Amino acid sequence: MLQVARLAPQQLGEARDLVAAFLHSRLNADGGFQNRAGDSDLYYTVFGLEGLVALQEPVPAEAVASYLRPFVDGGGLDFVHLACLARCWASVSRDLATVPTRKILTRLEAYRSADGGYAQAPDTLHGNAYAAFLALGAYQDLRVPLPEPERLLDALTHLRARDGGYANTPHDLHGITTVTAAAVSLLRALDGPIDPHLGMWLLDRCHASGGFVATPAAPVPDLLSTATGLHALATLHVPLTGVYESCLDFVDSLWTNRGGFFGSWVDDTLDCEYTYYGLLALGHLAAAAPA
């Protein structure tokens, strides 16, 4: 994802510096990046760091490291923030030997579900694609092979929805765009079988006004669904020709001259997360731009 997001400046043009300034402005004095309330948060720190890297901006590695050190091996963190701790350390550390890798991953394994997947709560029967995506990312970030990947692949098969996409729970009627995108990424990373029809399923989630909706019932498209949907289509090698212009217009409609991106047309708060997803979407659109 980050490699593609690096292409975003090709679409941003002169706006690139405003986006960089916005991301830098989200860094708190303690070295963490702000959440929507203005507090330092590991989750938003991931997106602040990756947004700066995508723009090839200087990363405040030592400042962020000073924020990370008090978390030690992640004791007391929930699953999502534990995975974020791993990602942050991988982003700012030149030598992972100084990171409590094994202890972090041991804590992460406590969230392995009975079906072989991962969930945001321990001792869960069924995992979900989002948690599996975070877990695999943590292992990759800390350069440790994922244990028993075949069990995770098997767990994913139970998340296939009746409409052909992927959902958060087994046997759902309708898939979700972001969940399906996560499943595609997992299947590709783990060399699992990918149904080629998923490309058409994802294209069907493109809104008539541009952007992707989370579900057919969603009233408006959103930036998270759009960025992850475009990423999954690129993973599947599906041409973006038919959605290029409308998606570019949609992403542009969410940007403000304050430098950040809103999450949707009904959102009124800027943050690092959606700004990064704006960069990811623009990166894929830059890669698909007509010659």
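Which residues in α10 meet which residues in α12? In this predicted model, Thr177, Thr178, Ala181, Val184, Ser185 and Arg188 in α10 meet Leu224, Ser225, Thr228, Gly229, His231, Ala232 and Thr235 in α12.

**Packing of α10 and α12**

- Helix α10 spans residues 177-189 and helix α12 spans residues 223-235; their axes come within 8 Å and cross at roughly 30°.
- The crossing of α10 with α12 is left-handed.
- Sorted by class, the residues of this contact comprise four nonpolar, eight polar and one charged.
- Arg188 of α10 is among the residues that take part, and the contact as a whole holds one charged residue.

**Packing of α5 and α6**

- The axes of α5 (residues 61-68) and α6 (residues 79-92) approach within 9 Å, with a crossing angle of roughly 150°.
- Because angles over 145 degrees count as roughly antiparallel, α5 is roughly antiparallel to α6.
- The two helices, α5 and α6, cross in a left-handed sense.
- On the α5 side the contact is made by Ala61, Val64, Ala65 and Leu68, and on the α6 side by Leu85, Cys88, Trp89 and Val92.
- The contact of α5 with α6 contains eight nonpolar residues, with no polar and no charged ones.

**Packing of α7 and α8**

- Helix α7 (residues 101-109) packs with α8 at an angle of about 165°, and their axes are 11 Å apart.
- The relation of α7 to α8 is therefore roughly antiparallel.
- This crossing of α7 and α8 is left-handed.
- Leu105, Leu108 and Glu109 are the α7 residues that meet Ala135, Ala138 and Tyr139 in α8.
- By class, five nonpolar residues, no polar residues and one charged residue form the contact of α7 with α8.

**Asp141 in α8**

- Helix α8 covers residues 129-141, and Asp141 belongs to this helix.
- Is Asp141 buried or exposed? Asp141 has a relative accessible area of 15% and is buried, because the cut-off for buried is under 20%.
- Leaving aside residues up to four places away in sequence, Asp141 touches Ala86, Arg87, Ala90 and Leu96.

**Salt bridges**

- Side chains of opposite charge can pair when their charged atoms come close.
- The model has a count of twelve salt bridges.
- One of these joins Arg16 and Glu57, whose closest N and O atoms are 2.7 Å apart. Arg16 lies in helix α3 (residues 16-25) and Glu57 in the loop between α4 (42-54) and α5, so the pair ties together parts that are 41 residues apart in sequence.
- Both Arg16 and Glu57 are buried.
- Arg16 and Glu57 also belong, together with Asp17, to a network of salt bridges.
- Asp267 forms a salt bridge with Arg36, with a distance of 2.8 Å between the closest N and O atoms. This pair links distant parts of the chain, 231 residues apart: Asp267 is in the loop between α13 (244-253) and α14 (272-287), and Arg36 is in the loop between α3 and α4.
- Asp267 counts as buried at 16% relative accessibility, whereas Arg36 counts as partly exposed at 36%.
- Which residue forms a salt bridge with Glu148? The partner is Arg151, and the closest N and O atoms of the pair are 3.4 Å apart.
- Glu148 is partly exposed, with a relative accessible area of 42%; Arg151 is also partly exposed, with a relative accessible area of 28%.

- Ala15 is located in the loop between α2 (9-12) and α3.
- With a relative accessibility of 13%, Ala15 counts as buried.
- How many residues apart in sequence are Ala15 and Ala287? They are separated by 272 residues in sequence and lie 18 Å apart in space, C-alpha to C-alpha.

Terms used: Residues numbered from 1 in each chain as written. Predicted model: local features only at pLDDT ≥ 70, side-chain atom pairs only at ≥ 80, totals over all residues. Heavy atoms only, no water. Axes fitted to C-alpha atoms, helices over the stretch in contact; angles between N-to-C directions. Helix = DSSP H or I, 4+ residues; strand = E, 2+ residues; numbered from the N terminus. Parallel < 35°, antiparallel > 145°, perpendicular 65-115°, else oblique. Left-handed = near helix turned anticlockwise from the far one by under 90°. Contact = heavy atoms within 4.5 Å. Nonpolar A, V, L, I, M, F, W, Y, C, P; charged D, E, K, R; others polar. Buried < 20%, exposed > 50% of the residue type's maximum accessible area, 1.4 Å probe, protein only. Salt bridge = Lys/Arg side-chain N within 4 Å of Asp/Glu carboxyl O.
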